[in-house]
Amino acid sequence: MADDSGQDDLAPVATIWRNGEPVYDRGDTVCVIGAGGSGLAAVKNLREQRFGVDCYERETGVGGAWNWRHDRSPVYASTHLISSRPFTQFPDFPMPDDWPDYPHHSRLLAYFERYADHFGLREHIWFGTEVVRVEPAEDPAGGPPRWDVTIRGARGGAPRTMRYAAVVVANGHNWSPKLPRYDGLDDYRGTVLHAGQYKDGTQLRGKKVLVVGAGNTGCDIAVEAAQQAAKCWHSTRRGYWYAPKYALGRPVDQVNDQLLALRLPLKLRQWIFKRTMKLTVGDLTRFGLPAPDHRPYETHPIVNSQLVYYVGHGGIEPVPDVKRFDRNEVELADGHVIEPDLVIMATGYLPRFEFLAPELLAVDQEGRPRLTLQMLARTYPTLAVAGLVQPDSSIFTIVHWQTVLMARWLRLLDTAPERAMALWKTMQADGDRRFTQVKLKDSTRHWFEVSHVDYLRALEHTLHEIEAEA
Amino acid sequence: MRTVVMRSREWAHPSPPVRREVLSAAPEEGTRSGTPEKSPPPVLFVPGYGHGAWAYAEHWLEHAASRGFPAYAMSLRGYGASGSTPRTRFADYVHDVTQVAASLPRQAVLVGHGAGALVVAQAMARYPARAGVLVSPVFGGPAAAFGQLRANPAGTLPALFGGGVRLRRSHLFSRELQGSISQGYQQRLERIPGAAARHLVRSRTPEGPVGNPPVLVVGSPDDRLVSRATLERVARDNGGAPLLFPGMGHDLMLDARWQEPIDAILDWLEKPDA
């Protein structure tokens with residue numbers, strides 16, 4: 001495939017037409033959608049395999065969700081990482097080792113900006129450009145199908161369609177709020193915000209706040225409310241394991257990976273986890289929190305050292321699930337009624353691919369795509385989704401290897417299409433494999449939860465298979 | 001080459017942070033050509049055991065800058081003006097190199113000398129260097145260690161009993177280098193910690209590099225620390241033949257005719273596709 005397809009040599013004349021509109025052929029160039037952490041890794045790793053890359057980003061900077069200037073960024077002033085540095089960085093571009101164990105979100109943005117500059121990625125990114133539509137197109141030469149990508153200025157302008165050899169979707173999954181439905185919510189007089197609209201503690205000052213949801217965001221906001229608000233209730237559906245950020249004086253994920261590296265069986269790790277929790281945090285029911293109704297590792301890990309501390313100070317009052325809203329009141333599952341002025345729904349986000357026909361990603365009725373290795377479309381070998389995983393660790397190490405795999409896969413498809421398609425069949429046969437040993441508590445987003453060790457081992461295995469074919 | 005994804009030990013036991021000495025020389029205005037993307041890449045010089053950044057600051061650093069390359073030279077932990085950490089492991093040196101490389105403004109060329117070449121080779125298995133240059137590479141192994149023990153028993157023996165290694169002047173420099181100068185260099189050499197030296201005895205062929213960088217091997221057939229066979233083998237593993245500078249000692253960057261190898265390296269870097 002072509003080396004270096006710079007932006008300046010966009011074909012000036014269209015030779016193909018689709019539905020009466022011109023299509024500009026970009027040859028063997030690959031299209032990447034989004035320039036957040038996942039998109040940047042895709043651009044870099046595709047470039048490393050000598051692909052030409054056009055990356056479209058609707059905002060004017062890199063960093064995606066981690067760039068607080070962006071409309072869709074969910075970060076709030078105090079957002080810190082919950083995985084420590086060695087797990088959070090791209091494995092081939094270490095974060096400075098004099099940074100703290102758990103960097104602040106602004107540092108993560110600085111890191112992405114440096115990554116983009118270090119590897120010269122910006123020249124391949126079209127900022128302020130939005131992808132409207134992505135449609136497959138038959139290759140007249142009989143090769144793997146190509147893609148017509150329709151783009152438009154994020155703030156308007158005429159659409160334009162380009163034809164690409166492959167598409168990597170990296171549009172993130174933490175921007176489209178998931179809001180549960182409650183009776184009476186429409187009549188409720190208080191303010192209701194989704195956590196995505198929460199920016200900093202000043203929004204809480206002097207208010208009576210109800211935080212709904214015990215994800216990492218919900219716990220962070222509850223802790224801030226304990227410090228800023230007049231009153232804080234924290235509503236959770238069930239009991240959770242609130243892991244501290246440190247155990248034995250070291251970041252807790254580093255301790256955990258030591259156990260994983262030893263390949264200790266899950267049951268033993270769960271036992272060690274419980275022991276450690278007992279020694280460091282203690283019995284949660286003593287604090288009025290519900291006891292966890294599941295074993296450790298069965299839900300997405302919650303890492304927060306301060307939540308239990310503030311519950312112990314009386315700054316946070318744990319309450320059960322919300323049953324219904326009334327004009328000024330909120331009724332809880334246990335029948336109690338509280339009167340908050342501000343309700344923050346830390347109820348998560350849902351992935352969305354509004355520019356793709358659902359059948360291209362084999363999206364089922366619950367809105368979940370069925371992907372090979374949680375990244376490759378099953379319909380066409382030249383469509384992939386980067387970063388659609390919810391790991392029990394950071395996403396960026398994973399996304400690096402996902403995009404390395406995509407780049408090597410596309411290269412193999414180019415150089416040895418027959419062997420590539422044979423491998424494609426065996427990968428398809430892997431079916432709906434889950435990359436975790438535990439049976440996860442069901443929830444709308446836990447379907448893309450993966451254990452980082454299981455998943456990375458699977459990626460490593462597939463990379464070796466591709467290397468054997470190449 | 002097989003890709004290594006799982007590095008659980010490195011994740012669970014990250015190297016402790018340390019202050020690192022990095023010397024730099026910027027090219028003069030006007031020596032740079034073309035757009036920023038096309039201008040010469042930064043070059044990071046990594047010294048071998050016993051040496052610090054000073055070994056490059058003597059000649060090569062400024063020379064590379066004068067030819068338009070933004071040039072950097074670092075000291076591994078425990079050497080030069082870099083800080084030290086207790087129980088330094090070989091992996092810590094590799095960590096030091098990837099840290100400095102990632103801190104540079106653009107994707108860098110890594111140049112490693114002596115055991116520093118092995119450090120650079122391992123760093124290239126983690127950081128996608130623009131290109132790699134292995135100068136007089138000491139890749140270790142039991143045979144090389146035994147040879148070293150025979151050639152320099154007084155300097156090497158203490159390492160067997162937990163001590164460090166001292167290098168000999170006659171092994172590092174050719175006779176062409178003035179005695180007073182080589183004596184000065186000899187005095188600046190630092191003792192090599194025993195653990196780092198013992199790692200070389202166990203050392204095996206390093207992992208393959210990530211990102212397919214071109215790799216050049218440079219050395220001297222008259223090097224008394226690195227045999228010609230070693231140079232040939234390392235170069236062959238990287239798909240080429242070594243570039244040889246007969247008559248020079250192990251320390252190509254300090255020896256009398258230091259300019260020839262650095263010019264050859266920079267010429268190689270200037271070639272398209274390098």
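## Contact between the chains

In the contact between the two chains, 25 residues come from chain B and 28 residues from chain A, where two residues are in contact if their C-beta atoms, placed from the backbone, lie within 7 Å. On the side of chain B that touches chain A, the elements giving two or more residues are α1 (8-12) and α4 (90-103) of chain B, and the largest share, five residues, comes from α1(B). Helices (H or I, at least four residues) and strands (E, at least two) are DSSP runs, numbered from the N terminus.

By class, this side of chain B holds 11 nonpolar, eight polar and six charged residues; Ala, Val, Leu, Ile, Met, Phe, Trp, Tyr, Cys and Pro count as nonpolar, Asp, Glu, Lys and Arg as charged, and the others, Gly among them, as polar.

## Basis of the model

This is a predicted model, in which local features need pLDDT of at least 70 and side-chain atom pairs count only at pLDDT 80 or more, while totals for chains, interfaces and linings use all residues. Residues are numbered from 1 along each chain as its sequence is written, and chains are lettered from A and ligands numbered from 1 in the order in which they are written.

## Helix α12 of chain B

Helix α12 of chain B has 12 residues (residues 259-270), which at 1.5 Å a residue should span 16 Å, and its end C-alpha atoms are 16 Å apart, in agreement with that value; the expected span is 1.5 Å times one less than the number of residues.

The buried residues of α12(B) are Pro261(B), Ile262(B), Ile265(B), Leu266(B) and Leu269(B). Seen down the helix axis, the buried residues of α12(B) fall within an arc of 130 degrees, so they line one face of the helix, the arc being that of the directions from the axis to the C-beta atoms. The face turned away from the buried side carries the exposed residues Gln259(B), Asp267(B) and Glu270(B). A residue is buried if 20 or more other C-beta atoms lie within 10 Å of its own, exposed if 12 or fewer, and partly exposed in between, with C-beta atoms placed from the backbone. The cover over the buried residues of α12(B) includes α3 (60-66), β4 (109-113), β5 (131-135) and β6 (215-219) of chain B.

## Leu332 of chain A

Leu332(A) belongs to strand β19 (residues 330-332) of chain A and is partly exposed, with 18 other C-beta atoms within 10 Å. Not counting residues up to four places away in sequence, Leu332(A) touches Val319(A), Pro320(A), Asp321(A), Val322(A), Lys323(A) and Ile338(A).
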